[in-house]
Amino acid sequence: MNPITISVGRDVQAAARREAAGLRARLTAGGTLVVNLLSSPGSGKTSLLEATARHWAGRYRMGVLVGDIATDRDARRLAPFVPVVQLSTGGACHLELPLVERGLEALGAEGLEFLFIENVGNLVCPASHDLGEHLRVVVLSATEGDDKPAKYPKAFRTSQSLIISKTDLLPYLHFSIDAAIEEARAIQPDLAIFAACAIRGEGIAEWCAFLERQRSAQIAERDAERSHC
Ligand SMILES: Nc1nc2c(ncn2[C@@H]2O[C@H](COP(=O)(O)OP(=O)(O)OP(=O)(O)O)[C@@H](O)[C@H]2O)c(=O)[nH]1
Ligand SMILES: [Mg+2]
């Protein structure tokens with residue numbers, strides 16, 4: 001039997017990309033930097049956000065949309081620190097833009113300097129979905145092994161920053177920070193890389209300073225564009 005080929009004949013992702021670009025533009029106009037956090041389950045995304053909120057307390061307003069397959073546990077952890085909305089995917093392994101838009105309506109981005117989207121713990125599927133973020137950040141914990149960038153390249157290739165987390169455990173693990181960085185940079189040479197221990201607060205000031213610089217640059221660019229109009 002001859003195989004049958006069905007050709008779609010159009011870019012099915014184009015509409016999703018346009019919508020993500022639209023959300024990004026709206027949040028840029030409002031001065032909000034949007035950060036999409038990707039990682040495998042349990043690498044420390046929520047802990048990093050708790051430490052970030054503690055570091056910025058009283059200085060910057062941040063909000064969080066947190067994706068999860070089944071529970072609202074992460075939202076409950078973050079609620080004492082920051083405005084947060086739980087996005088329940090009902091089993092899906094990643095967040096998509098329509099759910100993020102609904103979460104944003106509930107959260108309200110007005111006046112937020114930083115909006116974090118904690119994606120579902122999964123190092124594969126989330127890398128294929130633009131959620132309107134300005135920065136994509138991949139978190140790799142020391143317990144996962146330094147060989148992961150090459151095994152899950154898309155998450156690293158599409159990110160602008162890498163956090164190596166749980167550095168307090170390094171003395172007990174066969175994890176080489178240098179090897180992880182070399183492998184990640186072979187995939188994405190422009191990654192801004194930070195090592196952090198959310199529990200002790202180490203590396204958090206450097207990570208937050210990076211985000212502050214990114215937001216300042218975004219606002220400067222926005223204002224320069226406005227002055228040309
Ligand atoms: N030793 C150590 N443990 C950490 C650190 N950061 C997080 N953990 C622990 O790692 C576990 C998972 O942390 P979470 O912050 O829940 O990780 P997550 O990436 O948000 O997890 P999911 O949302 O389920 O994907 C928890 O038991 C944390 O206490 C760290 O810097 N050092
Ligand atoms: Mg979490």
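A nonpolar core is a set of buried Ala, Val, Leu, Ile, Met, Phe, Trp, Tyr and Cys residues joined through side-chain atoms within 4.5 Å. In this predicted model, the largest such core holds 30 residues, and a second, separate core holds 18. The model also contains a magnesium ion (ligand 2) coordinated by three residues, Thr-46, Asp-74 and Glu-118, while the number of disulfides is zero.

**The nonpolar cores**

- Within the largest core, the residues that touch the most other members are Val-35, Met-62, Val-64, Phe-116, Trp-207 and Leu-211.
- Several elements give two or more residues each to this core, namely strand 1 (33-39), strand 2 (62-68), strand 4, strand 5 (135-141) and strand 7 (192-196), together with helix 2, helix 3 and helix 8 (204-228).
- Once its neighbours within four places in sequence are left aside, Val-64 is in contact with Leu-49, Leu-78, Val-82, Pro-83, Val-84, Val-85, Leu-107, Leu-115 and Phe-116.

**The magnesium site**

- The magnesium ion (ligand 2) is held at 2.1 Å by OG1 of Thr-46, OD of Asp-74 and OE of Glu-118, and along the chain these donors follow the spacing T-x27-D-x43-E.
- Thr-46 belongs to helix 2 (residues 45-56) and Glu-118 to strand 4 (residues 114-118), so that this pair, 72 residues apart, links distant parts of the chain.
- Thr-46 and Glu-118 are both buried, and Asp-74, which lies in helix 3 (residues 73-78), counts as buried as well because its relative accessibility is 13%, where the cut-off is under 20%.
- The side chain of Asp-74 also makes a polar contact with the side chain of Thr-46, at 2.9 Å.
- Leaving aside neighbours within four places in sequence, the residues in contact with Asp-74 are Thr-46, Val-66, Asp-68, Gln-86 and Glu-118.

**The cysteines Cys-93 and Cys-125**

- Cys-93 takes part in no disulfide, and the cysteine sulfur nearest to its own is that of Cys-125, 3.2 Å away.
- A disulfide requires the two cysteine sulfur atoms to lie within 2.5 Å, and the 3.2 Å between the sulfur of Cys-125 and that of Cys-93, its closest cysteine sulfur, is therefore too far for a bond.
- Cys-93 is partly exposed, because its relative accessible area is 27%, and Cys-125 is likewise partly exposed, with a relative accessible area of 26%.

Definitions and conventions. Residues numbered from 1 in each chain as written. Chains lettered and ligands numbered in written order. Predicted model: local features only at pLDDT ≥ 70, side-chain atom pairs only at ≥ 80, totals over all residues. Heavy atoms only, no water. Donors = N, O, S within 2.8 Å, 3.2 Å for Na, K, Ca; no water. Helix = DSSP H or I, 4+ residues; strand = E, 2+ residues; numbered from the N terminus. Buried < 20%, exposed > 50% of the residue type's maximum accessible area, 1.4 Å probe, protein only. Polar contact = N/O pair within 3.5 Å; in protein donor to acceptor, adjacent residues only side chain to side chain. Contact = heavy atoms within 4.5 Å.
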